[in-house]
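Q: I have a structure open and want to go through it piece by piece. Can we start with what the words mean?

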Amino acid sequence: MPSNQDIHWAELRTVARQAARMAYAPYSNFFVGAAGLTDDGRIVSGCNVENASYGLTLCAECGMVSDLHRSGGGRLVAVAVTGPDGNPITPCGRCRQLLVEAGGPDCIVNEDTTVGALLPGAFEFPAEG
């Protein structure tokens, strides 16, 4: 796993910002994008997609994890979540659990924390290998 210094955070934030601009958020006007670095060096992304039935809304992190699997799988090692302005947004509780399964507790989020720190006591995630 790369160290925090080896991750090109500016690039991840740029991809997340671009994804946020594509979000479908007619109800909240809260546009969110997520970009993740995989263990094999790919960058995957997603944006939020709202629904009139609020429970069906998909967070940006959901789209990003879907893109992870669509593009070949692997593990997330770093994630940036932003609005269209590029400012970091902390993942919601549901997405924290999603990220712990897709990247593990050591996956770095927004350059300054880990998924494990955001969600102590998370449900178990599949063992690697």
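A: Start with contact, which here means heavy atoms within 4.5 Å. The model is a predicted one.

Q: Which residues is leucine 76 in contact with, leaving aside its neighbours within four places in sequence?
A: Leucine 76 is in contact with Gly36, Leu37, Thr38, Val44, Met64, Val65, Leu68, Leu99, Ala102, Gly103 and Cys107.

Q: Ok, and which residues of the largest nonpolar core touch the most other members?
A: Leu76 is one of them, together with Met64, Val65, Val79, Val81, Leu99 and Val115. The core has 18 residues.

Q: Which elements give two or more residues to this core?
A: Those are helix H2 (60-70), strand E3 (76-82), helix H3 (93-103) and helix H4 (115-118).

Q: And which of them gives the most?
A: H2 does, with 4 residues.

Q: What about a second core, which residues does it include?
A: Leu12, Ala35, Val77 and Ala78 are among its 10 residues, and this core is separate.

Q: Back to H2. Which of its residues are buried?
A: Ala60, Glu61, Cys62, Met64, Val65, Asp67 and Leu68.

Q: What do they pack against?
A: The buried residues of H2 pack against E1, E2, E3 and H3. After H2 comes glycine 72, with a positive phi near 130 degrees.

Q: Let's do E1 then. How many of its residues are buried?
A: The count is 6 of 6, so E1 is mostly covered, taking buried to mean under 20% relative accessible area. On one side are Gly33, Ala35 and Leu37, on the other Ala34, Gly36 and Thr38, and all are buried.

Q: What does threonine 38 touch, not counting residues up to four places away in sequence?
A: Threonine 38 touches Val44, Leu68, Arg75, Leu76 and Val77.

Q: And glycine 33, buried or exposed?
A: Glycine 33 is also in strand E1, and it counts as buried because its relative accessibility is 0%. Not counting residues up to four places away in sequence, glycine 33 touches Ala16, Ala19, Ala20, Gly46, Cys47, Ala60, Ala80, Val81 and Thr82.

Q: How far apart in space are glycine 33 and arginine 21?
A: They are 7.5 Å apart, C-alpha to C-alpha, and 12 residues apart in sequence.

Q: How many bridges join E1 to strand E2?
A: 5 bridges, and the two strands run antiparallel, with E2 at residues 43-47. Alanine 34 stands opposite glycine 46 in E2.

Q: What sits between E1 and E2?
A: There are 4 residues between them, and the two strands form a hairpin. Glycine 41 in the turn has a positive phi of about 95 degrees.

Q: In which sense do E1 and E3 pair?
A: In the antiparallel sense, over 6 bridges. Leucine 37 stands opposite alanine 78 in E3.

Q: New topic: how much space lies in the largest pocket?
A: About 310 Å³. Its lining has 17 residues, and the closest to its centre are Phe30, Val32, Asn48, Tyr54 and Cys59.

Q: How do the residues of the lining divide?
A: They divide into 9 nonpolar, 5 polar and 3 charged.

Conventions:
Residues numbered from 1 in each chain as written. Predicted model: local features only at pLDDT ≥ 70, side-chain atom pairs only at ≥ 80, totals over all residues. Heavy atoms only, no water. Core = buried A, V, L, I, M, F, W, Y, C linked by side-chain atoms within 4.5 Å. Buried < 20%, exposed > 50% of the residue type's maximum accessible area, 1.4 Å probe, protein only. 1 Å grid on protein atoms, 1.4 Å probe; cavity = no way out; pocket = protein on both sides within 12 Å on 5 of 7 lines; lining within 4 Å. Points joined across faces, edges and corners; volume = space filled by probe spheres on them. Nonpolar A, V, L, I, M, F, W, Y, C, P; charged D, E, K, R; others polar. Pairing = 2+ DSSP bridges.
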